[in-house]
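Here is a short report for a first look at this structure. Please view the sequence and the fold before reading on.

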Amino acid sequence: MKKRVHYAELEDMQKYIEGFNPDDYESCGEHTDPSVSAYARDYYDKHLPVDVTAWIRVNEPDKNLIYRKGLGDQVCFVRDTLCQLLRPTYEEWRDNPPLVISTHYSKSVKLPVFQINLEEYGIEMVLRYNFYDWKISVKSDKPLDFDYMGLFNPTEEISCVYCEGFPRDKVYGSYEQSHTQFTIKIGSYYDLYTFIFLLKNYLGIKRLD
């Protein structure tokens, strides 16, 4: 008997799982068989990166965890709110979604380390939130000499120990040391939104409504 898989997760697995045969499963509009979700979850964790929507579909936290809602909140914030600022059209977001490149744990919840690629501007951003603060690493082909309005400490050098889940080669020095490669700390969703808004304006990204 074929195991039932939600059609969206089935599409994800065809895209990301090497050698996956969709004919072995039954597509449906209901919940995926838990054993299939577990298989996809394990595969994705061993074969990152994967786009954040595919990742969260199979990474629902345990219902007993107090901070379980925080996972969905941060994924929606990065995927929908920040990327709406940085990508002017739906097509750009669809073709170049934020990726999960690694994971970490906080409050017993498995959380993603995101990567946003702005290829047109030669910029890569890696970021994570651990329910305390955001860590953001920015790598740019050109110096980012913009007014960040005091949203972070430009002289602070952040150890990789405090960038949970970051690949070591994605942790850089301070903004003062280099305006092309730097790692910063930002405390709140609001301040991160403001940082991205200021960066968007500096880059000249315009919304096409």
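## Two packed helices

Helix axes are lines fitted to C-alpha atoms over the stretch in contact, and their angles run from 0 to 180 degrees between N-to-C directions. Two packed helices are described by the angle between their axes and the distance between the axes. The model here is predicted. In it, α1 (residues 7-16) packs with α2 at about 35°. Their axes lie 11 Å apart. The crossing of α1 and α2 is left-handed.

Which residues meet in this contact? From α1 come E9, D12, M13 and Y16. From α2 come V36, S37, A40, Y43 and Y44. Six residues of the contact are nonpolar, one is polar and two are charged.

Most residues other than glycine have a negative phi, and most peptide bonds are trans. The bond between L48 and P49 is cis, with omega of about 10°. P49 sits in the loop that runs between α2 (34-46) and β3 (50-51).

The loop between β4 (99-106) and β5 (109-118) holds K107. Phi of K107 is positive, near 55°, and the residue is not a glycine. S108 lies in the loop between β4 and β5 as well. S108 is not a glycine either, yet its phi is positive, about 70°.

Are K107 and S108 exposed or partly exposed? K107 has 36% relative accessibility, so it counts as partly exposed. S108 reaches 57% relative accessibility and therefore counts as exposed. The cut-off for exposed is over 50%.

Terms used:
Residues numbered from 1 in each chain as written. Predicted model: local features only at pLDDT ≥ 70, side-chain atom pairs only at ≥ 80, totals over all residues. Heavy atoms only, no water. Helix = DSSP H or I, 4+ residues; strand = E, 2+ residues; numbered from the N terminus. Buried < 20%, exposed > 50% of the residue type's maximum accessible area, 1.4 Å probe, protein only. Left-handed = near helix turned anticlockwise from the far one by under 90°. Contact = heavy atoms within 4.5 Å. Nonpolar A, V, L, I, M, F, W, Y, C, P; charged D, E, K, R; others polar.
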